[in-house]
Amino acid sequence: MEEQASQGSFITHGRQDVLTTAMGQPEHHGCVGVAGASVMIKQYFGLAPRTSRTSLPMAPEDLEQLTQKFRDQLEESIIEKVTRQLMLSFNQMQSQFQLQM
């Protein structure tokens, strides 16, 4: 099991780690067996780290920079679409003008 864990073929899931798998018994809910019955998991190991990207705070400067980048991209996209529409309208008007001449 230890070899599998070091090679990455054994993946832990919550409290299902190498030790509990090897012993064939789940850990006692809420306690750390080697530390004594009165020691809770959070007391022994601390709080579990958060892995969600949404929980990571973004620095105000980074947020402003990202917002400005988004605004610039949006402005560029709008300008391209408006220019395309104007050119299409201009070409249609030019064709109509030539037909009338």
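In which helix is F70 found?

Author: The model is a predicted one. In it, F70 belongs to helix 4, which covers residues 60-100. The side chain there is not hidden: F70 has a relative accessible area of 55% and therefore counts as exposed, the cut-off for that class being over 50%.

Together with L74, I78, V82 and L86, F70 forms a nonpolar patch. The accessible area of these residues together is about 490 Å².

A patch of another kind also deserves attention. D72, E75, E76 and E80 gather on the surface as a patch of negative charge. E80 lies in helix 4, and its relative accessibility is 42%, so E80 is classed as partly exposed.

The protein as a whole provides the setting. Its secondary structure consists of four helices and two strands, and from the N terminus on the order of elements is α-α-β-β-α-α. The protein has 101 residues, of which 6% count as buried. Its accessible surface amounts to about 9600 Å², and carbon and sulfur atoms contribute 58% of that area. As for contacts with a separation of 6 or more, 3% of them are between residues 24 or more positions apart.

To return to the part in question, F70 is an exposed residue of helix 4 and a member of the nonpolar surface patch.

Notes: Residues are numbered from 1 along each chain as its sequence is written. This is a predicted model: local features need pLDDT of at least 70, side-chain atom pairs count only at pLDDT 80 or more; totals for chains, interfaces and linings use all residues. Side-chain values use heavy atoms; hydrogens and water are left out. Patches are made of residues with over 30% relative accessible area and no salt bridge: like charges are joined within 9 Å, nonpolar side chains (Val, Leu, Ile, Met, Phe, Trp, Tyr) within 5 Å. Accessible areas come from the Shrake-Rupley method with a 1.4 Å probe; for residues, only the protein chains shown count as cover. A salt bridge is a side-chain nitrogen of Lys or Arg within 4 Å of a carboxyl oxygen of Asp or Glu. Buried means under 20% relative accessible area, exposed over 50%, partly exposed in between (1.4 Å probe, protein chains only). Contact means heavy atoms within 4.5 Å. Lys and Arg count as positive and Asp and Glu as negative; His and the chain ends are not counted. The place of a charge is taken as NZ of Lys, CZ of Arg, CG of Asp or CD of Glu.
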